[in-house]
Amino acid sequence: ARCPECSHKFLLEERAEPLRADDSLSGCETIAPGQLAEPFELHEPYLEEFGRYQLLQELGRGAMGTVYLARDVQLGRQVALKIPAFPDDEDSDVLERFYREARSAATLRHSNICPVFDVGDVEGEHYLTMAYIEGRPLSSYVNPQSPLPERQVVGIVRKLASALEHAHSQGIVHRDLKPSNIMVDRWNDPIVMDFGLAMQIEMDTDGSTQTGLILGTPAYMPPEQVRAEWSKIGPCSDIYSLGIVMYELLTGDIPFDGPVDIVMAQVLTHAPPKPSGFIPDLDPRLEAICLKMISKEIDDRYASMEEVDAALADYLRSPKQRARQPRPGGLASIAPTSSDTNETTSSARETSN
(Lines give C-alpha, C1' and ligand atoms only; values in the text may rest on other atoms or scores of the structure.)
Protein backbone atom coordinates (compact mmCIF):
# COMPACT_ATOMS: atom_id res chain seq x y z
CA ALA A 1 0.00 0.00 0.00
CA ARG A 2 1.14 3.57 -0.58
CA CYS A 3 1.06 6.39 1.91
CA PRO A 4 -1.46 8.97 0.59
CA GLU A 5 0.84 11.79 1.78
CA CYS A 6 4.34 10.82 0.62
CA SER A 7 3.63 7.83 -1.70
CA HIS A 8 6.08 5.65 0.24
CA LYS A 9 5.28 1.96 -0.25
CA PHE A 10 4.51 -0.29 2.75
CA LEU A 11 3.73 -3.96 3.21
CA LEU A 12 0.70 -4.21 5.53
CA GLU A 13 0.11 -7.16 7.81
CA GLU A 14 -3.38 -8.51 8.35
CA ARG A 15 -5.03 -7.35 11.57
CA ALA A 16 -5.49 -9.95 14.25
CA GLU A 17 -9.10 -8.86 14.77
CA PRO A 18 -11.68 -7.60 12.26
CA LEU A 19 -12.56 -3.94 12.07
CA ARG A 20 -15.32 -2.85 14.43
CA ALA A 21 -18.03 -0.33 13.62
CA ASP A 22 -16.38 2.18 15.98
CA ASP A 23 -12.98 1.98 14.25
CA SER A 24 -12.05 5.17 12.45
CA LEU A 25 -10.86 4.89 8.88
CA SER A 26 -9.36 8.35 8.94
CA GLY A 27 -6.58 7.69 11.47
CA CYS A 28 -3.20 6.05 10.95
CA GLU A 29 -3.92 2.37 11.38
CA THR A 30 -3.23 -0.94 9.74
CA ILE A 31 -5.80 -1.85 7.11
CA ALA A 32 -6.71 -5.41 6.32
CA PRO A 33 -5.62 -6.56 2.84
CA GLY A 34 -9.15 -6.85 1.47
CA GLN A 35 -9.74 -3.13 2.01
CA LEU A 36 -6.90 -1.66 0.00
CA ALA A 37 -7.89 0.65 -2.82
CA GLU A 38 -4.43 0.66 -4.42
CA PRO A 39 -4.28 -1.31 -7.69
CA PHE A 40 -2.79 -4.77 -7.41
CA GLU A 41 0.53 -5.26 -9.14
CA LEU A 42 0.33 -7.11 -12.44
CA HIS A 43 2.01 -10.18 -10.98
CA GLU A 44 -0.55 -10.53 -8.19
CA PRO A 45 -2.51 -13.82 -8.37
CA TYR A 46 -6.13 -13.71 -9.50
CA LEU A 47 -9.06 -16.12 -9.50
CA GLU A 48 -9.72 -16.13 -13.23
CA GLU A 49 -9.80 -13.96 -16.31
CA PHE A 50 -13.11 -12.49 -17.39
CA GLY A 51 -12.70 -10.66 -20.67
CA ARG A 52 -10.53 -7.60 -20.04
CA TYR A 53 -10.85 -8.12 -16.28
CA GLN A 54 -8.95 -10.26 -13.76
CA LEU A 55 -11.21 -11.36 -10.90
CA LEU A 56 -9.19 -10.84 -7.72
CA GLN A 57 -11.63 -11.80 -4.95
CA GLU A 58 -15.33 -12.22 -4.26
CA LEU A 59 -16.80 -9.25 -2.40
CA GLY A 60 -20.37 -10.46 -2.00
CA ARG A 61 -22.98 -12.87 -3.26
CA GLY A 62 -26.76 -12.70 -3.11
CA ALA A 63 -30.02 -13.33 -4.93
CA MET A 64 -29.29 -10.47 -7.33
CA GLY A 65 -25.85 -11.78 -8.33
CA THR A 66 -22.19 -11.81 -7.36
CA VAL A 67 -19.78 -8.90 -6.97
CA TYR A 68 -16.02 -9.26 -7.42
CA LEU A 69 -13.06 -7.04 -6.82
CA ALA A 70 -11.46 -7.06 -10.28
CA ARG A 71 -8.59 -5.50 -12.14
CA ASP A 72 -9.28 -3.75 -15.42
CA VAL A 73 -6.17 -4.85 -17.32
CA GLN A 74 -6.77 -2.34 -20.10
CA LEU A 75 -6.89 0.70 -17.81
CA GLY A 76 -4.83 -0.70 -14.93
CA ARG A 77 -7.29 0.01 -12.13
CA GLN A 78 -9.40 -1.85 -9.62
CA VAL A 79 -13.16 -2.01 -10.11
CA ALA A 80 -16.14 -3.75 -8.59
CA LEU A 81 -17.54 -6.15 -11.17
CA LYS A 82 -21.12 -7.33 -10.74
CA ILE A 83 -22.43 -10.43 -12.52
CA PRO A 84 -26.26 -10.44 -12.20
CA ALA A 85 -28.01 -13.73 -11.49
CA PHE A 86 -30.38 -13.93 -14.45
CA PRO A 87 -32.54 -17.08 -14.58
CA ASP A 88 -31.77 -19.39 -17.50
CA ASP A 89 -35.13 -18.64 -19.08
CA GLU A 90 -34.78 -14.87 -18.70
CA ASP A 91 -36.53 -13.01 -21.51
CA SER A 92 -35.09 -10.24 -23.64
CA ASP A 93 -37.14 -7.56 -21.84
CA VAL A 94 -35.23 -8.15 -18.60
CA LEU A 95 -31.87 -7.94 -20.36
CA GLU A 96 -32.97 -4.81 -22.17
CA ARG A 97 -33.98 -3.26 -18.86
CA PHE A 98 -30.63 -4.25 -17.32
CA TYR A 99 -28.67 -2.50 -20.08
CA ARG A 100 -30.98 0.50 -20.10
CA GLU A 101 -30.63 0.96 -16.33
CA ALA A 102 -26.85 0.55 -16.56
CA ARG A 103 -26.67 3.23 -19.24
CA SER A 104 -28.87 5.51 -17.11
CA ALA A 105 -26.71 5.00 -14.01
CA ALA A 106 -23.57 5.73 -16.07
CA THR A 107 -24.88 9.26 -16.76
CA LEU A 108 -24.86 10.17 -13.06
CA ARG A 109 -21.98 12.41 -11.94
CA HIS A 110 -22.04 13.19 -8.24
CA SER A 111 -19.42 12.84 -5.54
CA ASN A 112 -21.82 10.81 -3.36
CA ILE A 113 -22.90 8.37 -6.10
CA CYS A 114 -20.82 5.36 -7.08
CA PRO A 115 -19.96 5.78 -10.79
CA VAL A 116 -20.71 3.05 -13.32
CA PHE A 117 -17.85 2.37 -15.75
CA ASP A 118 -18.82 -0.40 -18.12
CA VAL A 119 -21.52 -2.89 -19.06
CA GLY A 120 -21.40 -5.83 -21.45
CA ASP A 121 -21.10 -9.59 -21.66
CA VAL A 122 -18.33 -12.16 -21.88
CA GLU A 123 -19.37 -15.29 -23.74
CA GLY A 124 -23.01 -14.61 -22.90
CA GLU A 125 -22.39 -13.79 -19.22
CA HIS A 126 -23.53 -10.23 -18.54
CA TYR A 127 -21.68 -7.89 -16.20
CA LEU A 128 -21.55 -4.35 -14.86
CA THR A 129 -18.44 -2.61 -13.53
CA MET A 130 -18.43 0.20 -11.00
CA ALA A 131 -15.86 2.12 -9.01
CA TYR A 132 -14.47 0.09 -6.11
CA ILE A 133 -15.06 1.83 -2.79
CA GLU A 134 -12.80 1.07 0.12
CA GLY A 135 -14.90 1.31 3.24
CA ARG A 136 -17.82 -0.18 5.13
CA PRO A 137 -21.60 -0.08 4.63
CA LEU A 138 -23.50 2.53 6.61
CA SER A 139 -25.42 -0.36 8.19
CA SER A 140 -22.31 -1.26 10.21
CA TYR A 141 -22.65 2.03 12.08
CA VAL A 142 -26.26 1.44 13.15
CA ASN A 143 -26.25 0.68 16.88
CA PRO A 144 -29.38 0.76 19.09
CA GLN A 145 -27.19 1.14 22.18
CA SER A 146 -25.38 4.16 20.75
CA PRO A 147 -27.27 5.98 17.96
CA LEU A 148 -25.35 8.60 16.01
CA PRO A 149 -25.60 12.23 17.20
CA GLU A 150 -28.36 14.29 15.60
CA ARG A 151 -26.13 16.74 13.73
CA GLN A 152 -24.05 13.89 12.33
CA VAL A 153 -27.20 12.17 11.05
CA VAL A 154 -28.29 15.44 9.46
CA GLY A 155 -24.93 15.73 7.70
CA ILE A 156 -25.22 12.22 6.29
CA VAL A 157 -28.84 12.65 5.17
CA ARG A 158 -28.12 15.98 3.47
CA LYS A 159 -25.31 14.45 1.42
CA LEU A 160 -27.53 11.55 0.41
CA ALA A 161 -30.38 13.92 -0.43
CA SER A 162 -28.04 15.91 -2.67
CA ALA A 163 -26.94 12.74 -4.47
CA LEU A 164 -30.50 11.54 -4.98
CA GLU A 165 -31.67 14.98 -6.13
CA HIS A 166 -29.03 14.75 -8.87
CA ALA A 167 -30.32 11.31 -9.89
CA HIS A 168 -33.91 12.56 -9.89
CA SER A 169 -32.92 15.50 -12.08
CA GLN A 170 -31.70 12.93 -14.62
CA GLY A 171 -35.04 11.09 -14.45
CA ILE A 172 -33.78 8.22 -12.28
CA VAL A 173 -35.10 6.93 -8.94
CA HIS A 174 -33.18 4.40 -6.87
CA ARG A 175 -36.00 2.18 -5.46
CA ASP A 176 -33.76 0.24 -3.07
CA LEU A 177 -32.14 2.80 -0.78
CA LYS A 178 -31.04 1.33 2.57
CA PRO A 179 -27.96 1.49 4.82
CA SER A 180 -26.44 -1.65 3.29
CA ASN A 181 -26.59 0.07 -0.14
CA ILE A 182 -24.71 3.10 1.17
CA MET A 183 -20.95 2.81 1.64
CA VAL A 184 -18.89 5.01 3.94
CA ASP A 185 -15.60 5.51 2.10
CA ARG A 186 -12.15 6.05 3.56
CA TRP A 187 -12.83 9.81 3.67
CA ASN A 188 -15.95 9.10 5.74
CA ASP A 189 -18.31 10.20 2.98
CA PRO A 190 -21.55 8.28 2.31
CA ILE A 191 -21.75 6.92 -1.24
CA VAL A 192 -25.03 5.73 -2.77
CA MET A 193 -24.49 2.30 -4.34
CA ASP A 194 -26.30 -0.11 -6.58
CA PHE A 195 -28.65 1.61 -8.96
CA GLY A 196 -29.40 -1.92 -10.23
CA LEU A 197 -33.05 -1.40 -9.32
CA ALA A 198 -33.01 2.15 -10.61
CA MET A 199 -35.93 3.07 -12.81
CA GLN A 200 -36.22 5.84 -15.36
CA ILE A 201 -39.20 7.88 -14.24
CA GLU A 202 -40.70 8.16 -17.70
CA MET A 203 -40.17 4.50 -18.61
CA ASP A 204 -41.27 1.11 -17.28
CA THR A 205 -44.33 2.53 -15.55
CA ASP A 206 -46.81 0.32 -17.41
CA GLY A 207 -48.22 -2.09 -14.85
CA SER A 208 -48.55 -4.81 -17.47
CA THR A 209 -44.77 -4.99 -17.88
CA GLN A 210 -44.20 -5.17 -14.14
CA THR A 211 -46.95 -7.56 -13.11
CA GLY A 212 -46.09 -9.54 -9.98
CA LEU A 213 -42.69 -7.86 -9.68
CA ILE A 214 -41.93 -6.39 -6.27
CA LEU A 215 -38.40 -5.03 -6.21
CA GLY A 216 -36.74 -3.55 -3.16
CA THR A 217 -36.42 -4.23 0.57
CA PRO A 218 -39.84 -4.18 2.34
CA ALA A 219 -38.71 -2.37 5.51
CA TYR A 220 -37.53 0.59 3.39
CA MET A 221 -40.23 0.48 0.72
CA PRO A 222 -42.97 3.14 0.55
CA PRO A 223 -46.61 1.99 0.43
CA GLU A 224 -46.93 2.66 -3.30
CA GLN A 225 -44.01 0.31 -3.98
CA VAL A 226 -45.43 -2.38 -1.69
CA ARG A 227 -48.70 -2.13 -3.62
CA ALA A 228 -46.77 -2.32 -6.91
CA GLU A 229 -48.34 0.93 -8.09
CA TRP A 230 -45.57 1.54 -10.60
CA SER A 231 -47.06 4.71 -12.06
CA LYS A 232 -46.81 6.36 -8.62
CA ILE A 233 -43.17 5.47 -7.95
CA GLY A 234 -40.96 8.52 -8.29
CA PRO A 235 -38.70 10.88 -6.32
CA CYS A 236 -41.08 10.86 -3.34
CA SER A 237 -40.56 7.10 -3.07
CA ASP A 238 -36.83 7.67 -2.53
CA ILE A 239 -37.71 10.40 -0.01
CA TYR A 240 -39.65 7.79 1.99
CA SER A 241 -36.73 5.34 1.89
CA LEU A 242 -34.24 8.05 2.91
CA GLY A 243 -36.59 8.91 5.78
CA ILE A 244 -36.44 5.30 6.98
CA VAL A 245 -32.62 5.44 6.77
CA MET A 246 -32.70 8.66 8.81
CA TYR A 247 -35.06 7.04 11.34
CA GLU A 248 -32.68 4.10 11.72
CA LEU A 249 -29.61 6.31 12.15
CA LEU A 250 -31.37 8.40 14.80
CA THR A 251 -32.82 5.50 16.80
CA GLY A 252 -30.69 2.48 15.90
CA ASP A 253 -33.84 0.66 14.76
CA ILE A 254 -36.33 0.55 11.88
CA PRO A 255 -40.02 1.35 12.39
CA PHE A 256 -41.30 -1.94 10.94
CA ASP A 257 -39.58 -5.28 11.44
CA GLY A 258 -40.40 -8.98 11.20
CA PRO A 259 -41.30 -11.47 8.45
CA VAL A 260 -41.67 -9.97 4.98
CA ASP A 261 -45.48 -10.29 4.81
CA ILE A 262 -45.89 -8.73 8.27
CA VAL A 263 -43.58 -5.83 7.40
CA MET A 264 -45.44 -5.17 4.16
CA ALA A 265 -48.77 -5.13 5.98
CA GLN A 266 -47.38 -2.72 8.60
CA VAL A 267 -46.02 -0.39 5.91
CA LEU A 268 -49.53 -0.18 4.46
CA THR A 269 -51.61 0.05 7.63
CA HIS A 270 -49.55 1.00 10.71
CA ALA A 271 -48.27 4.40 11.78
CA PRO A 272 -44.54 4.21 12.56
CA PRO A 273 -43.57 4.53 16.23
CA LYS A 274 -42.28 8.02 16.96
CA PRO A 275 -38.47 8.17 17.08
CA SER A 276 -38.71 10.02 20.40
CA GLY A 277 -40.12 6.80 21.84
CA PHE A 278 -36.61 5.38 21.43
CA ILE A 279 -34.69 8.63 22.04
CA PRO A 280 -36.59 10.83 24.53
CA ASP A 281 -34.26 13.85 24.10
CA LEU A 282 -34.59 13.88 20.30
CA ASP A 283 -35.18 17.38 18.94
CA PRO A 284 -38.91 17.49 18.05
CA ARG A 285 -38.19 19.46 14.87
CA LEU A 286 -35.91 16.70 13.60
CA GLU A 287 -38.52 14.10 14.51
CA ALA A 288 -41.14 16.07 12.53
CA ILE A 289 -38.88 16.15 9.45
CA CYS A 290 -38.29 12.40 9.66
CA LEU A 291 -41.99 11.58 10.09
CA LYS A 292 -42.95 13.84 7.19
CA MET A 293 -40.47 12.01 4.95
CA ILE A 294 -42.07 8.64 5.81
CA SER A 295 -45.68 9.72 5.49
CA LYS A 296 -47.82 6.99 3.91
CA GLU A 297 -49.47 9.41 1.47
CA ILE A 298 -47.20 10.80 -1.24
CA ASP A 299 -48.76 14.27 -1.00
CA ASP A 300 -47.91 14.42 2.71
CA ARG A 301 -44.17 13.98 2.10
CA TYR A 302 -41.71 16.61 0.91
CA ALA A 303 -42.08 17.22 -2.82
CA SER A 304 -38.36 16.92 -3.58
CA MET A 305 -34.97 16.16 -2.08
CA GLU A 306 -34.27 19.90 -2.29
CA GLU A 307 -37.12 20.46 0.17
CA VAL A 308 -35.68 17.81 2.46
CA ASP A 309 -32.30 19.52 2.36
CA ALA A 310 -33.87 22.93 3.00
CA ALA A 311 -35.75 21.62 6.06
CA LEU A 312 -32.58 20.10 7.49
CA ALA A 313 -30.59 23.27 6.77
CA ASP A 314 -33.22 25.27 8.62
CA TYR A 315 -32.92 22.88 11.57
CA LEU A 316 -29.17 23.55 11.67
CA ARG A 317 -29.57 27.32 11.36
CA SER A 318 -31.87 27.77 14.33
CA PRO A 319 -31.10 25.28 17.09
CA LYS A 320 -33.87 25.71 19.64
CA GLN A 321 -32.89 22.64 21.59
CA ARG A 322 -29.50 21.30 22.48
CA ALA A 323 -28.72 18.24 20.36
CA ARG A 324 -27.39 15.04 21.85
CA GLN A 325 -23.68 15.05 22.48
CA PRO A 326 -21.42 12.92 20.25
CA ARG A 327 -21.07 9.35 21.45
CA PRO A 328 -18.25 6.88 20.94
CA GLY A 329 -18.49 5.06 17.64
CA GLY A 330 -19.74 8.00 15.59
CA LEU A 331 -18.46 8.94 12.14
CA ALA A 332 -16.59 12.06 13.22
CA SER A 333 -15.91 13.35 9.72
CA ILE A 334 -19.44 12.94 8.41
CA ALA A 335 -20.66 16.23 9.73
CA PRO A 336 -23.32 18.68 8.62
CA THR A 337 -22.47 20.80 5.62
CA SER A 338 -20.78 23.48 7.67
CA SER A 339 -19.92 23.74 11.32
CA ASP A 340 -23.20 25.33 12.21
CA THR A 341 -25.32 25.71 9.14
CA ASN A 342 -26.72 26.62 5.94
CA GLU A 343 -24.74 25.17 3.12
CA THR A 344 -25.29 22.16 1.00
CA THR A 345 -22.97 19.22 1.14
CA SER A 346 -20.70 17.27 -1.08
CA SER A 347 -17.77 14.81 -1.12
CA ALA A 348 -16.69 11.52 -2.60
CA ARG A 349 -16.00 7.98 -4.09
CA GLU A 350 -16.92 3.99 -4.88
CA THR A 351 -19.33 -0.21 -4.67
CA SER A 352 -21.15 -3.52 -3.91
CA ASN A 353 -23.95 -5.90 -4.38
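1. Start with Arg-186. This residue is partly exposed, with a relative accessible area of 30%. The model is a predicted one, so read every value here as computed from it.

2. Arg-186 has a charged partner. Glu-134 forms a salt bridge with Arg-186, and the closest N and O atoms are 3.1 Å apart. Glu-134 sits in the loop between strand 6 (125-131) and strand 7 (135-137), while Arg-186 sits in the loop between strand 9 (182-185) and strand 10, so the pair ties together parts that are 52 residues apart in sequence. Glu-134 has 8% relative accessibility and counts as buried, because the cut-off for buried is under 20%.

3. Now look at Lys-82. Lys-82 forms a salt bridge with Asp-194, with the closest N and O atoms 3.3 Å apart. Lys-82 belongs to strand 4 (residues 77-84), and Asp-194 to the loop between strand 10 (190-192) and strand 11 (199-200), so this pair ties together parts that are 112 residues apart in sequence. Both Lys-82 and Asp-194 are buried.

4. Next comes the pair Arg-227 and Glu-229. They form a salt bridge, with the closest N and O atoms 3.2 Å apart. Arg-227 is partly exposed, at a relative accessible area of 41%. Glu-229 is also partly exposed, at 24%.

5. Salt bridges can also link up. Arg-52, Asp-72 and Asp-118 are joined in a network of them. The count for the model comes to 14 salt bridges.

6. Six strands form an open sheet in the order 1-2-3-4-6-5, with antiparallel pairing. Strand 1 (48-50) and strand 5 (116-122) stand at the edges with a single partner strand each, so one side of each has no neighbour in the sheet. On average, neighbouring strands of this sheet are turned by 40° against each other, direction ignored.

7. Which strand does strand 4 pair with over four bridges? The partner is strand 6, and the pairing is antiparallel. Leu-81 stands opposite Thr-129 in strand 6. Strands of a sheet pair through backbone hydrogen bonds.

8. A helix covers part of this region. Helix 1 (residues 92-106) lies across strand 4, strand 5 and strand 6. Helix 1 runs at about 155° to strand 5.

9. Last, the overall picture. The protein has seven helices and 11 strands. Of its 353 residues, 49% count as buried. The protein exposes about 16,600 Å², and carbon and sulfur atoms supply 50% of that area.

Technical notes: Residues numbered from 1 in each chain as written. Predicted model: local features only at pLDDT ≥ 70, side-chain atom pairs only at ≥ 80, totals over all residues. Heavy atoms only, no water. Salt bridge = Lys/Arg side-chain N within 4 Å of Asp/Glu carboxyl O. Helix = DSSP H or I, 4+ residues; strand = E, 2+ residues; numbered from the N terminus. Buried < 20%, exposed > 50% of the residue type's maximum accessible area, 1.4 Å probe, protein only. Areas by Shrake-Rupley, 256 points an atom, 1.4 Å probe, with all protein chains shown as cover. Pairing = 2+ DSSP bridges. Axes fitted to C-alpha atoms, helices over the stretch in contact; angles between N-to-C directions. Contact = heavy atoms within 4.5 Å.
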